[in-house]
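Let's go through this model together, one question at a time. Here it is.

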Amino acid sequence: MNPHGNGKPEPTDPEQLLRMLDLELARQRIARQRAGSPYRSFRIASLIFLFAVIVGAMLAFYYVFYSGGLDEIRARSEPRPSATPSSRAP
């Protein structure tokens, strides 16, 4: 069972073998938990960006429809009479 022959004695007791296997699996599980997901930070950043986009859309909606932003846009687009005389001859 020790293919590399690194000098480690192999246990002959099956109970000791099971304990060593259990310890190795626990060590690997802990190492995986510490490493975490490789895309965790990317996922968190994307959720923050999505939240910012939704909040920005809500603020824009509030500005345009409730705060009078639409009235300001309409007032700017209406033709205003100029104070200068027209260039047409009567």
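Q: At what angle do the axes of helix α2 and helix α3 cross?
A: This is a predicted model, where local features need pLDDT of at least 70, side-chain atom pairs count only at pLDDT 80 or more, and totals for chains, interfaces and linings use all residues. Residues are numbered from 1 along each chain as its sequence is written, and side-chain values use heavy atoms, with hydrogens and water left out. The axes, lines fitted to C-alpha atoms over the stretch in contact, come within 4 Å for α2 (residues 40-65) and α3 (residues 69-77). They cross at roughly 60°.

Q: Which residues make the contact of α2 with α3?
A: Contact here means heavy atoms within 4.5 Å. On the α2 side, the contact is made by Y63, V64 and F65. From α3 come G69, L70 and E72.

Q: Which residue forms a salt bridge with R27?
A: A salt bridge is a side-chain nitrogen of Lys or Arg within 4 Å of a carboxyl oxygen of Asp or Glu, and the whole structure has one. The two partners are three residues apart in helix α1 (residues 14-35), separated by about one helical turn. The closest N and O atoms are 2.3 Å apart, and the partner of R27 is E24.

Q: Is E24 buried or exposed, or something in between?
A: Buried means under 20% relative accessible area, exposed over 50%, and partly exposed in between, with a 1.4 Å probe and protein chains only. E24 has a relative accessible area of 32%, so E24 is partly exposed.

Definitions and conventions: Helices (H or I, at least four residues) and strands (E, at least two) are DSSP runs, numbered from the N terminus. Axes are lines fitted to C-alpha atoms, for helices over the stretch in contact, and angles run from 0 to 180 degrees between N-to-C directions.
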